[in-house]
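Subject: Model for you to look over

Hello,

Here is the structure I promised to hand over. Please open it alongside this note. My findings follow below.

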Amino acid sequence: LVIQHYSQLAASPAEPLLSSIEAELLANRWARERGLAWDDRVCAFVAEGGKVLAAIAWRHYPSRRSAWVTMGGTRDGFRGQGLYRATFVGLVEHLRQLRPEIHVIESGHHVDNGASEAMHLALGRELVGKSYEFNLREEP
């Protein structure tokens, strides 16, 4: 099991998982439109054999000095095992080590998605409306 980083979502091993999560959000009306883009960067938790168990897609917003999480989640059957947390920690470490121009991770969710809200708060993201921030310049 290892954390992998991909320079783009398109054709990455994480694309099927994140696309299925996006479809679920749209079906539940927890998203009004597609959020993923082909050139989103990806941090993924990968099992032996290359199967992606959890992933986070993100994009850099230079004017905000931020990494915006466009989509993230864990494969059915593997939820509740800390894999998303490990993926998030991998993203934090990657950004702190290799992307000093990025100061904050931003994310958000639909107001009715209570499971996502609980996950964001459990990861130490600060509620600032219905979007969240994680300061990369402070230790959790």
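Start with the hairpin: S3 and S4 form it, with four residues between them. Arginine 65 sits in that turn and has a positive phi of about 55 degrees. The elements are DSSP runs, numbered from the N terminus: helices are H or I with at least four residues, strands are E with at least two.

Some ground rules. This is a predicted model, so local features need pLDDT of at least 70 and side-chain atom pairs count only at pLDDT 80 or more, while totals for chains, interfaces and linings use all residues. Residues are numbered from 1 along each chain as its sequence is written, and side-chain values use heavy atoms, with hydrogens and water left out.

The strands around S4

S3 and S4 run antiparallel, paired over eight bridges. Two strands count as paired if DSSP finds at least two bridges between them. Alanine 55 stands opposite glycine 73 in S4.

S4 also pairs with strand S5 (residues 104–108), here in the parallel sense and over three bridges. Tryptophan 68 faces glutamate 106 in S5. Between S4 and S5 the chain passes through helix H2 (residues 83–98), and this β-α-β crossover is right-handed. Right-handed means that, with the strands pointing away from the viewer, the path from the first strand over the helix to the second runs clockwise.

S4 is mostly covered, with seven of its nine residues buried. Buried means under 20% relative accessible area, exposed over 50%, and partly exposed in between (1.4 Å probe, protein chains only).

Helix H1 covers residues 15–27, 13 residues in total. From first C-alpha to last, H1 reaches 18 Å, close to the 18 Å expected at 1.5 Å a residue. The expected span is 1.5 Å times one less than the number of residues.

Which residues of H1 are buried? They are Leu17, Leu18, Ile21, Glu22 and Leu25. Seen down the axis of H1, these fall within an arc of 135 degrees, so they line one face of the helix. The arc is taken from the directions from the helix axis to the C-beta atoms. Pro16 and Ala27, on the other side of H1, are exposed. The cover over the buried residues of H1 includes strand S2 (41–46), strand S3 (52–61) and strand S4 (66–74). Contact here means heavy atoms within 4.5 Å.

H2 has 16 residues. Its C-alpha span from first to last is 22 Å, close to the 22 Å expected at 1.5 Å a residue. The buried residues of H2 are Leu83, Tyr84, Thr87, Phe88, Gly90, Leu91, Val92, His94 and Leu95.

Salt bridges

The count comes to five salt bridges. The rule asks for a side-chain nitrogen of Lys or Arg within 4 Å of a carboxyl oxygen of Asp or Glu.

- Arginine 34 pairs with glutamate 22, the closest N and O atoms being 2.9 Å apart. Arginine 34 lies in the loop between H1 and S2 and glutamate 22 in helix H1, so the pair ties together parts that are twelve residues apart in sequence. Arginine 34 is exposed at 57% relative accessibility, whereas glutamate 22 is buried at 4%.
- Aspartate 76 pairs with arginine 79, with 2.7 Å between the closest N and O atoms. Aspartate 76 is exposed at 54%, and arginine 79 is partly exposed at 42%.
- Glutamate 101 meets arginine 99 at 2.6 Å, N to O. Glutamate 101 is partly exposed at 34%, while arginine 99 is buried at 15%.

Positive phi

Most residues other than glycine have a negative phi. What is the phi of alanine 11? It is positive, about 70 degrees, although alanine 11 is not a glycine. Alanine 11 lies in the loop between strand S1 (2–6) and H1 and is exposed at 75% relative accessibility.

Arginine 29, which follows H1, also has a positive phi, near 60 degrees. At 48% relative accessibility, arginine 65 counts as partly exposed.

Best wishes
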